[in-house]
Amino acid sequence: MILPGHIAAAFIASKALRVPTRGAMAASMCPDMIDKPIRWLTRITPNDRIPAHSLLFWGATTYLAGHLAGRSFAKGWAVGYGVHLLCDEVNAHFNPGRIYPWWPFKRYTYHTGPTGLRSSLGDFSKTSLLLEATLAILGIALWWRSGGGRFITTR
Ligand SMILES: [Zn+2]
């Protein structure tokens, strides 16, 4: 999943589960904001889904979010972060690579992942892009329906 799908999925999940959207949106890209720069700039990890695409980071960042911004925000954070991991896991069935939820407690044979944005985008299959577009359209429709577009209209 890439940016539009992750943001849309977090928004949809926050509305469906009635958790604060602010926390869900803040967490929606967090795993990628950590893992991709580490992989793409330093190459010290085997791919761009370690370490933040793990249950350890999900729990640790949710705890930190609760400590820094309160319990309600942390509920949204947990949903947004969890949906990110879920979307990447679903996407891994259509593209090369996968997530490693039990890192660092379980040994994996790691996929050698992309080393930059271009190679990362090149990994996406048509099915994956269709799923991305569908999620983005559903997210925009829900956002519009929930009043998100009111600042655009002239009424
Ligand atoms: Zn990701």
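## Inside helix α7

Let's start with α7: its buried residues are E132, L135 and G139. Keep in mind as you look around that this is a predicted model. What lies over those buried residues? The cover includes α1, so let's turn to how those two helices sit together.

## How α1 meets α7

Two packed helices are described by the angle between their axes and the distance between the axes. Here, helix α1 runs over residues 3-17 and helix α7 over residues 126-148. Their axes come within 8 Å and cross at roughly 45 degrees. As for the hand of the crossing, α1 goes past α7 in a left-handed way.

Which residues do the touching? On the α1 side, look for P4, G5, I7, A8, A9, F11, I12 and K15. Across from them in α7 you'll find E132, L135, A136, L138, G139, L142, W143 and S146. Sorted by class, this contact holds 11 nonpolar residues, three polar ones and two charged ones. Notice that E132, L135 and G139, the buried residues of α7, turn up among its contacts with α1.

## The α4 and α5 pair

Now try another pair. The axes of α4 and α5 also come within 8 Å, with a crossing angle of roughly 155 degrees. Since angles over 145 count as roughly antiparallel, that is the label α4 and α5 get. Is their crossing left-handed or right-handed? For α4 and α5 it is right-handed.

From α4, the contact uses W58, T61, T62, A65, G66 and A69. From α5, it uses R71, F73, A74, W77, A78, Y81, G82 and L85. By class, the residues where α4 meets α5 split into nine nonpolar, four polar and one charged.

## The biggest nonpolar core

How many residues make up the largest nonpolar core? There are 23, and the ones touching the most other members are A9, A10, A24 and W77. Helices α1, α2 (21-27), α4 (55-69) and α5 (71-91) each put in at least two residues. The top contributor is α5, which gives eight residues to this core.

Leaving out residues up to four places away in sequence, A10 touches A24, M25, A27, S28, G80, V83 and H84. One of those, A24, is also on the list of core residues that touch the most other members.

Notes: Residues are numbered from 1 along each chain as its sequence is written. This is a predicted model: local features need pLDDT of at least 70, side-chain atom pairs count only at pLDDT 80 or more; totals for chains, interfaces and linings use all residues. Axes are lines fitted to C-alpha atoms, for helices over the stretch in contact, and angles run from 0 to 180 degrees between N-to-C directions. Helices (H or I, at least four residues) and strands (E, at least two) are DSSP runs, numbered from the N terminus. A crossing is left-handed if the near helix is turned anticlockwise from the far one by less than a right angle, and right-handed if clockwise. Two residues are in contact if their C-beta atoms, placed from the backbone, lie within 7 Å. Ala, Val, Leu, Ile, Met, Phe, Trp, Tyr, Cys and Pro count as nonpolar, Asp, Glu, Lys and Arg as charged, and the others, Gly among them, as polar. A nonpolar core is a set of buried Ala, Val, Leu, Ile, Met, Phe, Trp, Tyr and Cys residues joined through C-beta atoms within 7 Å. A residue is buried if 20 or more other C-beta atoms lie within 10 Å of its own, exposed if 12 or fewer, and partly exposed in between; C-beta atoms are placed from the backbone. Angles under 35 degrees count as roughly parallel, over 145 as roughly antiparallel, 65 to 115 as roughly perpendicular and the rest as oblique.
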